[in-house]
Amino acid sequence: MGEFVGVDPENLKELTKRLEHLHDLLARQGPAIHQKMQKWGSELSFASLSRLIAAALDDVRDMDARTTRAYELAREQGWSVMTRAPGVLGPVFTRPPVVRLDWEATGWSGDQGRRDAEALTAALAAKDPEAARAALSTLPEHLERHLADKDYQAAFWAGAGPLAVQAARTLYNRTGPALFSAESVGILRALGASLAAASRMRVGTGKESRPLLSTAARDAMTRGSDPWSAGMLAKYGPDGRSWDPRLLADLTRTMLDARAAGKTIWPPARGEAETDTGATRHQRLMAEFDAVGAVLRRAAENGVAARHVLGDPATGLRYARMLVSDSWHTPGYDPGRFLSSYVHPGGALPPVGRVDLSTPVGAFLKAAVSAERGTSADAEESAWSVVHIVQATADFARLHPQTVLPNQVRQALIYVAGRHLPDFAQSVNHDFASGALQQGNKPSNPWVAINKLDELEGFFMQALQKPEEFGVFKGLMASRVSTAVAATIQDPSDRNYLREMGGLFGLIQRVENTHHFEKELRADEEAARDQVLLATASGGFGALSFSNPFGPGTMAEIMTALATPALNDTLDTGHALKALKADMDASRRQVFQVEVPVVQGLLDAGAVHPPPDAPWVRGGRVIPDAALVDWISLHADTRYAGKTLTDWITDAQTAMRMQQ
Amino acid sequence: MTTTRLAVLAMCALVLLSACTERKPPPPVNDEVKKRDAALVAVVQCLVDHDRIPAAHLEHQPWLKGEKVQPSAELVTWRSDHEETVYEGKTLQAWEDEATAAWPGWRCPF
């Protein structure tokens, strides 16, 4: 127990306000004062100024906490801000009485956090949204002020944690067009921001350092009985990068488990829809307040969180199977209820009005495989994510051979394949087992994903469906020829990237043959393929530049270069590109697809040294013109990096199935 | 009458279209890859048994338990790093291709 002192709440409030102004002023002017004093050659040390300013902010918080407590005590003694005075018409303002408060105990901002937690608990327990909103009107301001205050955060989340995560269910509107009022959104936003900040805080130093939210506290919050409410804190909370990845990963697992177990993950229904329009509106409401999607989106923004979920060797596959699915839409409704009995005599009809929800799923899958290539733990999880996504897709293809996955999910699968071309290429000729490991089993090499051939086959059966998609993907592979040539030369191991890419190309072709596309559709495919090649050509073939050819970074550099996603919006732009395409005859196309990238690859790897005045190379880039054709025919039998130019070209042609 | 006939025609067209887009499930992994898997294990086992692979190439390789080659993902990535490495006058790739072509009749030549 501390020291009890008598205080006048009104004066205390005034004092707090002035202290706050003083701190604001110092914080704003501090750097200028420092600069000026330095310029004038002051010998005073200002090193501690910033520390003092930070301490002043703590003092402001403490005084604020005391002021709140002083008013509370005054109210407990029967004081009210508006009272009736004798002889005066209507209520008048009255000053609160002097109260005695425990100066030390109430000075902690932790105390404020504890009391805010109590207020929240009481307000939510009442289950009346109007009353809760009124009682919580000051909460957002408090949470915001104490965002970086560990004492407050620790006390608030210890006291209110599991309940605060459920706030959305009490706060939502029972009627009206919007599910949440502006005040409710303010409260949810503040709670989300506060939880995100608390999740990243640590207490203690050195070996004693630990997260501010204990594992038990985190579990209580993420494993609550109401996943929808928890999802709303993610929806209204800050960008995924502001959250602790483990908390987001836990939350993602909970949401996916709840969804798989058939628990309620949708916003509360506001009575039975009476009309078709009402039922449609409810589907849209479900999509707008989709809790699972909100959490997936935050985890995708965070990146590491998505990799924690799918990159876990023990549980990642289970969650990958939940994500790679055609169930990502709202449930829809039975239209029969709204039809007259003449049209529809009875029985259930297939649901209608479904809204697609696969966009956050696609974003999550992409994020899960997007760690920077290398030897880090993050790169390891990323590689495991690839293994699991391929396995989950193959499972889906086997169980539902006639079902096509939602477009956003398939686009994510194509992204996975594009980003991991060299991994898929080295996996493609064997069917032993799948797993993430370091290239060549060497600890200095980047993590790679190895998948069994039958899994890769099932994966591509689902990922690629339309002729254009096959075209784009083949174009992407062909555009990597230069990189594959350079990589084969530069990789310190005896790996042959061209050959491996050829194996993968063969698999894509086999999968395509199962589609039996019509001849006209093949033309679409060719057009798409040429477009990718041309887009890459106009942007420069390959992206490989070796700063240190035999350094430890070479492998990661090769893999990144081989997998740079070219499937972006640069395709299909500009009339010049289209004109070039229309203008190109078969022989020129051949030059484009093989000779140019091969020579570029040899140049990138430093195996070809053109004379400085060679007209077919400008700024390190090979220019496909008549001079290049001459040079190629003159050097057909010259050996570069152990092989003749003709052999290199034949290898590339074989790899990309382009023999005439 | 005409509308009914049109509707019937449209239905038929739909049935035909769906039949066109229907796809067979992916074929099982073909015999070629099963042969290739067996051939690779046999070739590497043969080279290991007769000390034809330099010790440095086998250091800390998890697919080699004792003297026994384990078919695994680790073997796939090791193979990839050594596909152009020459052992006894032939690249590992050439060894694998030859053994696959001759499978199951291939025998270790040493």
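This is a conversation about reading a predicted model of two chains, from the overall folds to single residues.

Colleague: Where would you start: what do chain A and chain B contain in helices and strands?

Modeller: With the inventory of each chain. There are 30 helices and 12 strands in chain A, while chain B has 5 helices and 4 strands. In sequence order, the elements of chain B run α-α-α-β-β-α-β-β-α.

Colleague: And what share of the residues counts as buried in each chain?

Modeller: In chain A, 52% of the 660 residues count as buried. For chain B, with 110 residues, the buried share is 37%.

Colleague: What share of the contacts links residues 24 or more positions apart?

Modeller: Take the contacts with a separation of 6 or more. In chain A, residues 24 or more positions apart account for 75% of these contacts. The corresponding share in chain B is 53%.

Colleague: Let's turn to the interface. How much area do chain A and chain B bury between them?

Modeller: The general idea comes first: the size of an interface is often given as the accessible area lost when the parts come together. Here chain A and chain B bury about 2,900 Å² between them, and 52% of that area is on carbon and sulfur atoms. Chain A brings 34 residues to the contact and chain B brings 36 residues.

Colleague: How many salt bridges and polar contacts cross the interface of chain A and chain B?

Modeller: The rule finds 2 salt bridges between chain A and chain B. One of them can be looked up by name: the side chains of R499(A) and D97(B) form a salt bridge, at 3.5 Å from N to O.

Colleague: Which elements of chain A supply the side that touches chain B?

Modeller: Five names to locate on the structure: α20 (421-427), β7 (435-438), β8 (447-450), α21 (453-463) and α24 (497-513) of chain A each give at least two residues to that side. The largest share, 4 residues, comes from α21(A). Sorted by class, the side of chain A that touches chain B has 8 nonpolar, 17 polar and 9 charged residues.

Colleague: Which side chains of chain B does the side chain of Q426(A) meet in polar contacts?

Modeller: There are two to look at. The side chain of Q426(A) makes a polar contact of 3.3 Å with the side chain of T77(B), and another of 3.2 Å with the side chain of S80(B). Leaving aside residues up to four places away in sequence, Q426(A) touches residues on both chains, among them V448(A), I450(A), E500(A) and V76(B).

Colleague: Are N441(A) and D51(B) buried or exposed, and why?

Modeller: N441(A) counts as buried because its relative accessibility is 14%, under the 20% cut-off. D51(B) counts as exposed because its relative accessibility is 65%, over the 50% cut-off.

Colleague: Finally, where is there a cis peptide bond in chain B?

Modeller: Read the omega angle. The bond joining W103(B) and P104(B) is cis, with omega about 5 degrees. P104(B) lies in the segment after α5 (92-102) of chain B.

Conventions. Residues numbered from 1 in each chain as written. Chains lettered and ligands numbered in written order. Predicted model: local features only at pLDDT ≥ 70, side-chain atom pairs only at ≥ 80, totals over all residues. Heavy atoms only, no water. Contact = heavy atoms within 4.5 Å. Buried area = accessible area lost by both parts, 1.4 Å probe. Salt bridge = Lys/Arg side-chain N within 4 Å of Asp/Glu carboxyl O. Nonpolar A, V, L, I, M, F, W, Y, C, P; charged D, E, K, R; others polar. Buried < 20%, exposed > 50% of the residue type's maximum accessible area, 1.4 Å probe, protein only. Polar contact = N/O pair within 3.5 Å; in protein donor to acceptor, adjacent residues only side chain to side chain.
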